[in-house]
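Subject: Structure handover and notes

Hello,

Here is the structure you are taking over. Please look through it before reading the notes below.

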Amino acid sequence: MKYVLKNQEMQTVDYETIHGIGIPGLVLMERASKAVADYAVQMIDHSKRILVISGIGNNGGDALACTRILLEQDYLVDYMIVGNLEKASDDLKLQLQILKNLGYFPLENANFHEYELLIEGIFGVGLSREVGGIYKEMIERINACGKPVIAIDIPSGISGDSGKVLGCAVHAAITVTFGSYKRGHLLYPGREYCGNIKLVSIGFHNQTIKKYATGYTLEADDHLMPERKAYSNKGSYGKVLIIAGNETMSGAACFAAEAALRMGAGLVKVLSDVQNRSVLQTKLPEILFGERKDLKESLNWCDCILFGPGIGVSEETKEMLEMILEEGTKPLVIDADGLNTISRYDMEINYPYGLILTPHLMEASRLMACDIMQMKEDLCQNAYELAKKYHCIAVLKDAATIVAQEGDLVYINQSGNDGMATGGSGDVLAGMITGLLGGGLAAHEAAVHGVYLHGLAGDHARCDLGAYSMIASDIITHIKDVTGGSYESVL
């Protein structure tokens, strides 16, 4: 796993590293600049020209130090500075003076089309206002020239906290960032502007980053699956109860049930409309089938519960959910029409046995009685608010899905792709999370790991089929590609 910071948190890490631990700021700057230069060297040979565009803050100081390092390696590098040098940071002034002492002076202007690579360090992560004036003009020129760009820390114009475009922003081919990810790297639209993100260590110690981080993300080398033992049986891996599918939505129940099975659940029982029996038991002979009238008995049988995919919204579904909330004592995932039932009937939720809600933005906006734009304004905070309101673990589904619960780090997912924007994908996710619950994971870890593995299976499907051809069952097909390894906690 990697920790994720907000702007102020990163500034605090930077300050403590320099003034508390005692690593000089210029040492950090030199390491950061060397990392950027190393990536530039990988992209271009000595015959091609490089233009470095610097602001007047410490991000610009990184850019100027990178200029010097590339010049030392005999690269053809010019640089220019945007902004009033009288207001420049002390570190930038020092880096500028070093370049001048070596005989290298900034350009007043440049034809960007004459260069094969641009390196930009105009703002960095601290930007909080809309970009305007000469800065806006410069960013527009960078984007218009069509040359590959390396952004230092974050593309200028992207909010490090939210990923928003603050008026306009640089489209980078590569973003080289330091110490930890910032939220703006992982949240859209910032994630698209960053291009290929390179996270490098320059001297910020992990214990300092961990001390101030409020978020994290998972990576491919994290171990995510519950442990399986040789001396075990089907009862060792959970009895999963899925209440899904009305008379027209058998597919939702199929997706959820198969996903739970493919995640290793020992037994899966589906309660669905009686008309779905033949479909479900033909497609998935491994499942147990029951009708909705079997709910009370099934609550005593199961180890975890999924309620909602394709079940419809009615007085009957409301009564079923009320029964689960009143008599259930096992971890519960509420998805799709289960969520719509809550918002339609304004139900109060207080379920102390482990509750996971999995809304997409429209469903979340109904639950929170606001519009979608308000939900998008701050996904991480709104996921926290949802978790607080319903005393749950909130899985807020978006292109970068958020998992939040009160008193814990927010999880920002970075697996997955646009090919997963297809009917049934959410049912698969709900089934995967529930399957992990059946395997013995705690609710929070089941939610986080399920989200990550769902996206990773989707990435395998995209590699196999392409984004246009993917359907939800392809995600299930590729679950086998992401369930290797043994479980260990990453939190």
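The notes below go from the whole chain to one strand and then to one residue.

Please keep in mind that this is a predicted model.

Overall build

The protein has 19 helices and 18 strands. Its radius of gyration is 26 Å, while the globule rule gives 23 Å for 491 residues; the two values are close, so the protein is as compact as a globular protein of that length. Along the principal axes, the C-alpha atoms fill a box of roughly 85 × 40 × 40 Å.

Of the 491 residues, 55% are buried. Taking the contacts with a separation of 6 or more, 72% are between residues 24 or more positions apart.

Strand E16 covers residues 393–396. Ile393 and Val395 point to one side of the strand, Ala394 and Leu396 point the other way, and all four are buried.

Which strands does E16 pair with, and in what sense? With strand E15 (residues 355–357) the pairing is parallel and runs over two bridges. Ile356 has Ile393 of E16 as its bridge partner. With strand E17 (residues 402–404) the pairing is antiparallel and runs over three bridges. Here Leu396 is opposite Ile402 of E17. E16 and E17 make a hairpin, and five residues lie between the two strands.

Asp90

Is Asp90 buried or exposed? Asp90 has a relative accessible area of 62%; exposed means over 50%, so Asp90 counts as exposed. This residue belongs to helix H4, which covers residues 90–101. Asp90 and Gly57 are separated by 33 residues in sequence, and their C-alpha atoms are 8.4 Å apart in space.

Regards

Note on methods: Residues are numbered from 1 along each chain as its sequence is written. This is a predicted model: local features need pLDDT of at least 70, side-chain atom pairs count only at pLDDT 80 or more; totals for chains, interfaces and linings use all residues. Side-chain values use heavy atoms; hydrogens and water are left out. The radius of gyration is taken over C-alpha atoms; the globule rule is 2.2 Å times the number of residues to the power 0.38. Buried means under 20% relative accessible area, exposed over 50%, partly exposed in between (1.4 Å probe, protein chains only). Contact means heavy atoms within 4.5 Å. Two strands pair if DSSP finds at least two bridges between them.
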